[in-house]
Amino acid sequence: MLEQLMYAIASLGGFALLAGLILAVSSKIFHIEGDPVSDKIDALLPQTQCGQCGFPGCRPYANAVASQAADVNHCVPGGERTMLAIADVMGVEPKSLDQEEAIPMVAFVREDECIGCTLCIKACPVDAIVGAPKQYHTVIADHCTGCVLCLEPCPVDCIDMIAKPELLEHWSWPLPDTTRAQTGLERRESHQHD
Amino acid sequence: MIKHFFKKLGFSQAPFAGGIQPNMRKETEHSPIEVCPLPPLLIMPIKQHIGQACSPLVAVGDHVLRGQKIAKAEGYVSVPIHAPTSGQVIKIEDYAIPHPSGMGLTSIFIEPDGLDERDETLKPIEDWQHTDVSALRERVRMCGIAGLGGAAFPTFIKLVQDQRNPIETVILNGIECEPFLTNDHRLMVEHSQEIVLGMQIIMHMVGAKQGIIAIEDNKSDAIECMKKAVNHDDMGLDIQVLSLPTRYPQGSEKQLIEAITGKQVPMGKLPMHVGVLCQNIGTTHAIYEAVILGYPLTERVVTISGDAVPQQGNMLVRLGTSMRFIYAQRGLTDFDGLQILHGGPMMGERLRHPDIPVIKSSTGLLALSQDFFREAHPEEEPCIRCGHCSEACPIRLTPNLLADHCRNEQLEKAADYHLFDCIECGACSYVCPSHIPLVHYFRFGKGQAAQVRREQNFAEASRQRSEFRDTRIQREKDEKAAKRRKVRATHTPTEPNQGKE
């Protein structure tokens, strides 16, 4: 009787030890840095680093969403598409956006008014402003994400937000003008805003 | 395998998958090419080909000669642009181009002086058989030649000898399967000798042994002319004229290769990967002019047709000529209630007004009355799953499902259904009994997918810049802290006291 009990305990204990070893080894081999869900969400975000979501950048917002500390609908520049994609990753219901999606803008420095204080350069989250102390600064339009973080620190208010110029190569066909295509589009839009 | 067997026995009519037989309406096939007079103003957009735009080389006030380079190529996939006649550059600014968006592009405005003097710096290469192949290729590039069949892909890129993919067969594409268009047809009838010579130059350049001139059987006079020219000018190269049954879109490169050789060009590969090079008739004629005469590309043959044009016909037009001027030559001045098409009716784009210059890709100018146009494009109705579109598709896609995915912006699904293999030939839209604008949906889907990809690339670049900035700020902070620590370590608090004592 006791012998049988010993067998059972020994075999089960042995299995448990083996399983523990496998787990320990595989956790070393297949170790992943960081949080995969947060990485996935970060990849979906537009990386404007604008802080309009209330977090100091895209990565912190992604972390907050992944740990369910923030809702999926706070990314303003990402718009509808980003919100739906994040909701899909998190497996939650889509929510209506905080704000209406705006047209894409870029910052523009009026150079004859710039005093060369470098404050905007320090504020730019993506290093899209070039310049040096007491030299005119200018915005690299192709790198500007339109986050407006440079407007606030400028002491002489010489930065404007202008609409991003529409390029011929970036033009794409709109949906056909048929009633069917247009009603489908309207239905999709109203459905998403509910 | 079975299909090949049937084809050998002559049972199978279809030389490639799918296809349609539209009403060809080749009403201009017997009208000879007329020379269009010089317009009062020529407008040259700085991009007339697929690839990167050129940058202007001339300034306002400069006097230019015909054939003088006025804009230089930027990057590899680009060819220069030449002045179409002699005259003065009067301004350089944005102007409408033949593009469905109606957007403008930087254009060089030239006012002709009427003398039409040629720039003689480019010398003819008469001894091309013994000229280095790379010199000929450079000549084709310098002369600004891009595919004149409508796509306007820089031609010199295709004219290359690659050891891994040797080109065995050169196919001259005289199919011209778009309805209405007859410019290649007339070129073959009127300039057959030059075209055969151009083809020999191409074969010499790529080292091909076999040449095929493919012509659809609705152009019997062109077949005869080309046969005569080939027999007359036998240079020891194996060139044959092949008559193919009329079928749309046989003029599409990959479909033509399948029809002639039975080989399919794999997805994402080029014709040279199956040892074939395709060239358009007009392009071949332009290569002849560039090499034998030393003329850069400054003019092309354009078909002016459509039920609203009083005198339909073919014209040799200087690039940069306003379409309104060309229509006026054919007796059309009032565009009220008309639809203007640039290119053929199947793949061409609709233009909003005729004040647009002719460019290298302008194969035809059509003007259709509103009644004629609406007949082809009534309101869209729901899909009835008849499957005609799948039968007509030359790539064997399922257009009805693809259109659903594009309409609902399910772009990943659309990509799974091979949206990007669609050649936008329009065969599916043509046969659809519900009049669904299928190709329009595909263009929408492709545009949206490109937009998403662009946004992703931009986001990735921004993320890298932001991360780099964060690490830089951290590094600066660390360096400052390290410096401070160092200062503290050397100046111990006891030191100042000792100094006082």
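**Exercise 1.** Find which residue B:Ala71 stands opposite in β6(B).

*Solution.* Start at strand β6 of chain B, residues 81–82. There, B:Ile81 stands opposite B:Ala71. Now widen the view: β5(B) and β6(B) pair in the antiparallel sense over two bridges. Here strands are DSSP runs (E, at least two residues), numbered from the N terminus, and two strands pair if DSSP finds at least two bridges between them.

Before you go on, note that this is a predicted model, where local features need pLDDT of at least 70, side-chain atom pairs count only at pLDDT 80 or more, and totals for chains, interfaces and linings use all residues. Residues are numbered from 1 along each chain as its sequence is written, with chains lettered from A and ligands numbered from 1 in the order in which they are written.

**Exercise 2.** Name the bridge partner of B:Ser55 in β5(B).

*Solution.* First locate strand β3 (residues 55–56) and strand β5 (residues 69–72) of chain B, an antiparallel pair with two bridges. Then follow B:Ser55 across to its partner, B:Lys72.

**Exercise 3.** Describe how domain 1 of chain A meets domain 2 of chain A.

*Solution.* Begin with the bounds, 36–90 for domain 1 and 103–166 for domain 2; such bounds come from an automatic or database domain assignment. Next, take the centres over C-alpha atoms: they are 25 Å apart. Five residues from domain 1 of chain A and seven from domain 2 of chain A make the contact, which requires C-beta atoms, placed from the backbone, within 7 Å.

Methods
Two residues are in contact if their C-beta atoms, placed from the backbone, lie within 7 Å. Helices (H or I, at least four residues) and strands (E, at least two) are DSSP runs, numbered from the N terminus.
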